[in-house]
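Student: I would like to go through this structure residue by residue, with the cut-offs stated as we go.

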Amino acid sequence: MNIQVQLATSELQTQSLLWGESSAEKGEVFTKPEIVNLILVASGVVRDLFSIGTRILEPSCGQGEFVVAIAKHIKVRYESDNLKLPITQFVNLVRAYDISSSNLDVARSNVKAVLSDIYTSTELDTALNQWFIHEDFLLTDFNEKFTHVVGNPPYIRIETIPSVLLAEYRHRFVTMIERADIYIAFYEKCLDLLSNQGVLSFICTDRWTKNRYGAGLRSKIASSFQLDLFIDLYGQNAFMSDVMTYPAITQLSKNKQKRTCVLHNPNITPDFSNNLLKCLTDNKLEILEGAELVVRNDLVKEDKPWLFGAADELEMLSRIEGQFPTLEEAGCSVYIGAATGSNKIYIVDEDLDIEANRKIPVITAKELKSGVIDSKSNYIINTYDDDGVIELEQYPLLRNYFLEFEVTLKSRHIAKMTPKQWFKTIDRVYPERAAREKLLIPDIKSELTAIYDDGSYHPNNSIYYICSATWNLHALRAVLLSGIGQMFVQTYSTKVSGGNLRFQAQHLRKIRLPFWNEIDSSIQTELTRIGRTMDTSEAKSLVAQIYSLNEKEKQILGM
């Protein structure tokens, strides 16, 4: 590395450590002990603790839940078998990084307390100075490999990462595409640091396994690594605090066998963890007490989303995908409602005294909660015209209104990025879309909801909507609500807080749909009629015909 690059990296490290000492949000969510222990056992850390050559990496250690647990396992072996790691082996066993010195102080103190009966104070000080490293792991260069990488990488909204650091992370890590969170970079770097027989096991949000921004990481894994284990922790409290997304345990290695153990909602006990390790090391074992175990050989394919559903459902999905075009190929367009950056300022009532052509009727997600449109007759302020962002001076009433909130509006991220247009909404408002008939689909729900709008409203953020020049939207509503739409989104989406799904554009676009003109006219008429009133049983019967569903497939959709 040349001197200029070293200097640049040093300066970035300094900025990162300053960020680490600040009160800014850094994605610190601490893992419960039983989950930590499961990861340490299933990844082989506990089994290999005393093996010569074992090197364990914790890239974002927080207050040391994983490292403290490792210390406790060392103490158990000492007390039960009078077995003590030689000091040279002990010093090199663990490397744990964090950008918060206070976190490292807590971790170091806790480990020292656990091991004080085994090693002298001097030995511990020497070892723990090697174990705990106050650096930005993502900016640190390595000339060594690790047999085990474990931990809980940070989950941080990219808007909260200092811009100079985010730019450097994106430059260094090719898998950080689109709106990829920083944990994607942790996966990439840690995979590259695995030894030939190395194992990585992280607890992390499962969003990347299906979302577009995870495609780069999925591709990397497909080309050079093996998905050994995926544990869906839906419904379990895996962390010491509440989180919005559901986590999963993902265990990866350089093995070339294609066998993946998929577990749903396990009952985690010490015996369960040990039995799981046996399942991972013995290809003949396919039953695991305490969890629903599915053994898959076809989960990882290039950059494709990882689909964890039942075999029959995935077989049905694959058939439909092979025979029918996507929603958009069939003539339907999927859009997202407009985010403003401050609904309190941009969503107004009809009486607000601004230029009339700057107000468009709006519908918000709250007004769709009941499954029908319950409009409050509000309007969204349109800061765009045909040429782009408006010239605010041409609208004196609107200008005076915005000046009342100038400080608030200029504090938004979008305003800082384009200070001359500090008053604009995050997303563009499209009057022509507001005037089109559409199906409104709220983002976060347990079941797909599609509400017909005749062209009265512009959707606000948290609403996706479908327009079509070919499909009758009442008929489309009947098809989507028959179970077909739910099946596709449930397969390609990940769950969030409350067990809800994300009905986002990227998931809706996965839905397969026949071409409208290839459907028998009598079925078209009936679907249109049903879509207005929504008799679910009638809709399912017609959908079974147009998708040529067999009896097993009908059962999957509850027909």
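Student: In which strand does Lys-359 lie?
Tutor: The model is predicted, so local features need pLDDT of at least 70 and side-chain atom pairs count only at pLDDT 80 or more, while totals for chains, interfaces and linings use all residues. Residues are numbered from 1 along each chain as its sequence is written, and side-chain values use heavy atoms, with hydrogens and water left out. Strands (E, at least two residues) and helices (H or I, at least four) are DSSP runs numbered from the N terminus. On that numbering, Lys-359 belongs to residues 359–363, strand 12.

Student: Is Lys-359 buried or exposed?
Tutor: Buried means under 20% relative accessible area, exposed over 50%, and partly exposed in between (1.4 Å probe, protein chains only). Lys-359 has 15% relative accessibility, and therefore counts as buried.

Student: Which backbone nitrogen lies 3.5 Å from a polar side-chain atom of Gln-251?
Tutor: Gln-251 is in strand 7 (residues 247–253) and is buried at 4% relative accessibility. Beyond four places in sequence, Gln-251 touches Ala-42, Ser-43 and Leu-280, among others. The nitrogen 3.5 Å from its side chain belongs to Ser-43.

Student: Against which elements do the buried residues of helix 10 pack?
Tutor: Helix 10 covers residues 215–224, and its buried residues are Ala-215, Leu-217, Arg-218, Lys-220 and Ile-221. These pack against helix 9 (182–192), strand 6 and strand 7.

Student: Which strand gives the largest share of the lining of the second largest pocket?
Tutor: On a 1 Å grid over the protein atoms alone, a pocket is an open set of points with protein on both sides within 12 Å along at least five of seven lines, and lining residues have an atom within 4 Å of a point. The second largest pocket has a volume of about 480 Å³, and of its 23 lining residues the closest to the centre are Lys-210, Asp-232, His-264, Phe-308 and Lys-495. Strand 6 (226–232), strand 8 (260–264), strand 9 (292–296) and helix 18 (473–492) each supply at least two lining residues. The largest share, three residues, comes from strand 9.

Student: How many disulfides does the rule give?
Tutor: Cys-332 is in no disulfide either, as the nearest cysteine sulfur, that of Cys-467, is 9.5 Å away. The count is zero.

Student: Near what value is phi of Ser-462?
Tutor: Ser-462 is in the loop between strand 19 (458–459) and strand 20 (463–468), and is partly exposed at 34% relative accessible area. Its phi is positive, in a residue other than glycine, and near 70°.

Notes
Disulfide = S-S within 2.5 Å. Polar contact = N/O pair within 3.5 Å; in protein donor to acceptor, adjacent residues only side chain to side chain. Contact = heavy atoms within 4.5 Å. 1 Å grid on protein atoms, 1.4 Å probe; cavity = no way out; pocket = protein on both sides within 12 Å on 5 of 7 lines; lining within 4 Å. Points joined across faces, edges and corners; volume = space filled by probe spheres on them.
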